[in-house]
Amino acid sequence: MSVLLLIPVLPVSPHPQCLDFQPPFKPPWHLEFCTQYEQFGCCDQKTDNSIAERYWDIIDLLDVPGYELCGDLLKEVMCQECSPYAAHLYDAEDPYTPVRELPGLCFGFCSEFHGRCGHVVKYLTGNKLLQEAGERDTPTFCSLVDLSDRDYCYPNVLKSTDLNNNLGKVAEAPGGCLQLCLTEVANSLRNPVLMLHSRDDTHRMFIAEQVGFVWVYLRDGSRLERPFLDMSGEVLTTPWLGDERGFLGMAFHPRYRDNGRFFIYYSILVNGQLEKVRISEMRVSAYDMNTADPYSERVVLEIEEPAANHNGGQILFGLDGYLYIFTGDGGKAGDPFGKYGNAQNKTALLGKVLRLDVDGSDVSGKQYRIPPDNPFLGDPDARPEVFAYGVRNMWRCSVDRGDPVSRYGRGRIFCGDVGQNRYEEVDIIVRGGNYGWRAKEGFECYDLKLCHNSSLNDILPIFAYDHHVGKSVTGGYVYRGCESPNLNGLYMFGDFMSGRIMALEEDKTTGNWKERSVCMGDTKTCSFPGLINHHHKFVISFAEDEAGELYFLATSYPSAMSPFGTVFKFMDPSRRAPPGKCKQKPLPVKVRGKKVPFAPRELTVLDTDDKPTRPPPRKFKFTTKPPLTSQTTHTSTTASATTSTSATVMPKWKSNDRKVFNKNKLSTLKKNKKVLSKQATKKKTTLEQKSNVQSKKTAVKKPNKDKAKAPQKKNTLKNGNNQTAIAKLKKTLKPPNSLKDNKVHRKKKIPLKKQRNGHKKNSIKTKVSARESNAFANRTDTNLNVKGKKIMQNKVQVKSKKSRDAEVL
């Protein structure tokens, strides 16, 4: 003991996990049986009901003392399948280890369980070793259900504050960062600059490479062999490290499912000298939903670029149905174009957020119209296309789809604006807003003269960070998905140069945003099959699928020609949505041509295809009543049909009448116990009266080794009325009509009433002919009579052993 006390106690590292190797969850509705885990655990209502049915099947096999002695402990043990630490209790956190059929029990609790419930172990498992141990001594049984990690055995796992504090919240590392894990979605891409869905309920994802290819990825992870779009012959790009030109943006029309229209944004070179960015409209092919019509391009807008950098590149549709275009300030450093720079000059289209109505054309010949509520419409000192200004080089913007329940935040546009020398910032775009560049960089002044101008009236960013953290912000999305509820409302974004993933959380009362540091989970945190805890350094873009799940695109070498681009999906290892809640029903996709199956390349913490060597705890079905004989059926159905039916068929259990059910069950069991007690007393008296006769009968049938005593017993039998005694003994041995005798009588299976949740117990229907039924009944009756006689003979032999000498004398 003194040695043990010197060992330092290390803090427990919590890792909630279910038997399906996934994180626990909060059930959508309360649990009716394992109610202690209805706030957070591993059971939904279906699993809870299944455990309850198995529990009551076992209880049906117990008499009143057995139920009162073991009922509570049995429920505790069976409900550990719902524990948030179920995988630890059943040794399932490691897919290489066989899954237990009984949870790991601490020795103290195990001793009590074995002492009170050892006789029910055989109903909980098919493991012969455990079944035999359940009938043996406590140390043997408890050594088999022991856990090497005592922190996780039941009920110690409930008492550890380290394990149960903040259970179900995003796991935080010692430094306070939110630990997230990733899954690999796609790889071998050449600088993937964007991934988006088409909003047509097919749940396809379109991934664009900087060189000008757009690929279609299906729900099963496969990629179509032919690209959706090939603009590589038109796009201006180079293999130079960090070149910002290329295919930069794409947006599907809100009614793409009906009109097949989409828009693209890319760099071009005119006459080998003049660089521009072009925004064009295209249409999907009339013959293949996974291919664009290469001859359908219609140029909507072209803007000259005075330098090779700061090309912007984001286009998207707002909830108002208009097309938003985000342009850079023209390049170089410090926006040196004109007196105030392009960003503060509202007559220039660079350094702006433009808004166009692309569902019509202008009388002047433009391929778009100006929305009537654009803020500078009619201003002679501004272009009517301008929606907001004062931006440097916004790289990746997104539309908030809003809280799934309250719709809070719906329609907000978030952007990451790349800084100059000191600060990176995140902005929310508003109509007519001035975002300060080049007067300000982040919250600080950049051009002092412009910064102190009283007419600046700029909108401050919601967040900014200096270049000690990162040097090129990559805008992201507000998470509104289903699979990771803890992340709801967090704005997830990153930094291209440092590779950091960051998050912002809004204080709804003040409207302020605070940073939540994000890091990749450690090995134990991400110990779920298929998860990884690392990514490539250069974070190029973020993405959202049709269901609202969040991704990001990164590469290990930032060149448009290098095939190291990979797509990662976020996953919260602390909590998931309830099973079945996030199921999607995508529309079918007609595929023409071949599909390229997904082949993951990243090293996972655990291998994706690892499976347990034994399945989770099995759900045993018990046959509690032997076959019914023709003779016993006739006698039992007339005298005690009501009693036997109510005793052997359990009514469906519901949460509202659980206590009533328990009370009724106990009442029924106690009532039958009294009947059994009276019958047992009567039987005992009768047997004592007939003990002499039974002893004589036993002597007649004694094996050869007792032949020496046989003549004496035979003479004794002859002295009495042998035939009368045997007849009375047979009558005594006849099975009584009682609940206790349900191992002899097979009651008629009565269908159970439908439960509130719609689940029914399985019943077995056997169809046999009348002849087969009678033959089976006769054989059963004979076997039962013989068996009953042998059992009773043994009992009488024991009771008459002391008086045998007196009778012989």
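Where is the kink in α3 centred? The views below start there, and they come from a predicted model.

**View 1. Helix α3 and its kink.** The kink in α3 is centred on C70 and comes to about 50°. Helix α3 covers residues 64-78, 15 residues in total, and spans 20 Å from its first C-alpha to its last, close to the 21 Å expected at 1.5 Å a residue. C70 itself is one of the buried residues of α3.

View 2. The largest nonpolar core contains 64 residues, and F228, L229, F247, M250 and F262 have the most contacts inside it. Look for strand β8 (residues 261-270) here, as this strand gives the most to the core, with 6 residues.

**View 3. A salt bridge between E506 and R412.** The side chains of E506 and R412 meet at 3.2 Å, N to O. E506 sits in strand β23 (residues 501-506) and R412 in the loop between β15 (394-399) and β16 (413-417), so this pair ties together parts that are 94 residues apart in sequence. E506 counts as buried because its relative accessible area is 17%, under the 20% cut-off. R412 is buried as well, with a relative accessible area of 17%.

View 4. E505 in strand β23 pairs with R516 in strand β24 (residues 513-520), 11 residues apart. Their side chains form a salt bridge of 2.8 Å, N to O. Here R516 is partly exposed at 22% relative accessible area, and E505 is partly exposed at 28%.

View 5. D91 and R100 join their side chains in a salt bridge of 3.0 Å, N to O. D91 is partly exposed at 22% relative accessibility, whereas R100 is buried at 13%. Elsewhere, R255, R261, E281, R283, R298 and D359 are linked in a network of salt bridges. The count for the model comes to 33 salt bridges.

**View 6. A nonpolar patch on the surface.** L241, Y557 and F564 make up this patch, with about 330 Å² of accessible area together. Y557 belongs to the loop between β26 (550-555) and β27 (565-571). With a relative accessible area of 43%, Y557 is partly exposed.

Notes. Residues are numbered from 1 along each chain as its sequence is written. This is a predicted model: local features need pLDDT of at least 70, side-chain atom pairs count only at pLDDT 80 or more; totals for chains, interfaces and linings use all residues. Side-chain values use heavy atoms; hydrogens and water are left out. Patches are made of residues with over 30% relative accessible area and no salt bridge: like charges are joined within 9 Å, nonpolar side chains (Val, Leu, Ile, Met, Phe, Trp, Tyr) within 5 Å. Accessible areas come from the Shrake-Rupley method with a 1.4 Å probe; for residues, only the protein chains shown count as cover. A salt bridge is a side-chain nitrogen of Lys or Arg within 4 Å of a carboxyl oxygen of Asp or Glu. Helices (H or I, at least four residues) and strands (E, at least two) are DSSP runs, numbered from the N terminus. Buried means under 20% relative accessible area, exposed over 50%, partly exposed in between (1.4 Å probe, protein chains only). A nonpolar core is a set of buried Ala, Val, Leu, Ile, Met, Phe, Trp, Tyr and Cys residues joined through side-chain atoms within 4.5 Å. The expected span of a helix is 1.5 Å times one less than its number of residues. The bend at a residue is the angle between axes fitted to the seven residues ending there and the seven starting there.
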